[in-house]
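Please open the model in the viewer and keep the selection panel at hand.

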Amino acid sequence: MPSKTEKLLSLLNGQPVIPVLKIANVADAVPLARALARGGLPAIEITLRTADALEAIRRVAAEVEDAIVGAGTILDARQFDEAAAAGSKFIVSPGITSQLLAAAKDSAVPLLPGAITPGEIMAAREAGLRFLKFFPAEQSGGIASLKAFASPLADVKFCPTGGITGKNAADYLSLPNVICVGGSWVAPDDMVKAGKWDEIEALAREASKLRK
């Protein structure tokens with residue numbers, strides 16, 4: 001039986017950039033997910049930072065066959081369960097807590113928790129996690145910190161998020177312990193609000209070609 005880490009990596013399937021989305025208008029969720037999937041970024045993270053986030057996840061899960069929708073900004077077990085029930089295929093958290101680890105242990109949905117210190121990374125490792133979010137990346141030492149972790153924590157891989165842009169994504173992706181990066185630049189708020197799905201698709205296609 002594959003581990004939760006293997007399941008999560010299988011879902012992401014080599015995608016270099018995971019769009020991190022804040023859905024202000026639930027009607028935008030489905031066309032946005034479709035545009036990103038057409039551009040080569042089917043795995044998306046919808047953050048629970050808006051009132052309609054769970055409904056957005058439900059709609060994408062039900063209506064966009066090509067999308068792999070995950071939930072982000074999950075802070076506790078209740079939110080974990082709600083996001084999983086809404087159809088999330090993976091769960092992303094800014095940090096790591098015993099409550100979240102317990103919720104993830106009892107669920108088939110894999111967790112990608114945030115960790116930025118050696119202690120947090122080791123705690124996640126003890127819980128069987130080998131793939132972690134590094135957040136907030138730029139504010140936490142960025143590339144230099146990840147390079148420093150590569151030797152003593154060699155079996156742990158990361159998805160840096162926070163301050164990642166089209167300008168620095170390739171630098172992060174060049175690191176041996178970085179699997180992918182998370183960012184919002186592929187779906188700018190103004191483009192989403194204006195319904196510029198073709199332009200978002202073009203941004204996604206460009207991002208999908210970023211490689212280590």
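Begin by selecting α1 (4-12) and α5 (98-105), each of which supplies at least two residues of the lining of the second largest pocket. Helices here are DSSP runs of H or I with at least four residues, strands are runs of E with at least two, and both are numbered from the N terminus. The model is predicted: local features need pLDDT of at least 70 and side-chain atom pairs count only at pLDDT 80 or more, whereas totals for chains, interfaces and linings use all residues. Residues are numbered from 1 along each chain as its sequence is written, and side-chain values use heavy atoms, with hydrogens and water left out.

Remain at this pocket, whose volume is about 210 Å³. A pocket is an open set of points on a 1 Å grid over the protein atoms alone, where a 1.4 Å probe fits, with protein on both sides within 12 Å along at least five of seven lines; lining residues have an atom within 4 Å of a point. The volume is the space filled by probe spheres set on the points, which are joined across faces, edges and corners. α5 gives the most to this lining, with 3 residues.

Next, select Val-20, Leu-21, Lys-22, Ser-184 and Asp-189, the closest to the centre of the largest pocket among its 25 lining residues. This pocket has a volume of about 460 Å³, and α9 gives the most to its lining, with 3 residues. β1, β2 (43-47) and β8 (181-183) also give two or more residues.

Now show α3 (residues 53-63) and α4, whose axes come within 8 Å and cross at roughly 30°; axes are lines fitted to C-alpha atoms over the stretch in contact, and angles run from 0 to 180 degrees between N-to-C directions. The two helices are therefore roughly parallel, a term for angles under 35 degrees. Leu-54, Ile-57, Arg-58 and Ala-61 of α3 make the contact with Glu-82, Ala-83 and Ala-86 of α4, where contact means heavy atoms within 4.5 Å.

Which peptide bond is cis? The bond from Phe-135 to Pro-136 is, with omega near -5°; Pro-136 lies between β6 (131-134) and α7 (142-149). Asn-13, not a glycine, has a positive phi of about 50° and is exposed (over 50% relative accessible area), at 65%. Thr-73 likewise has a positive phi, near 55°, but is buried (under 20%), at 16%.

Note on methods. Buried means under 20% relative accessible area, exposed over 50%, partly exposed in between (1.4 Å probe, protein chains only). Angles under 35 degrees count as roughly parallel, over 145 as roughly antiparallel, 65 to 115 as roughly perpendicular and the rest as oblique.
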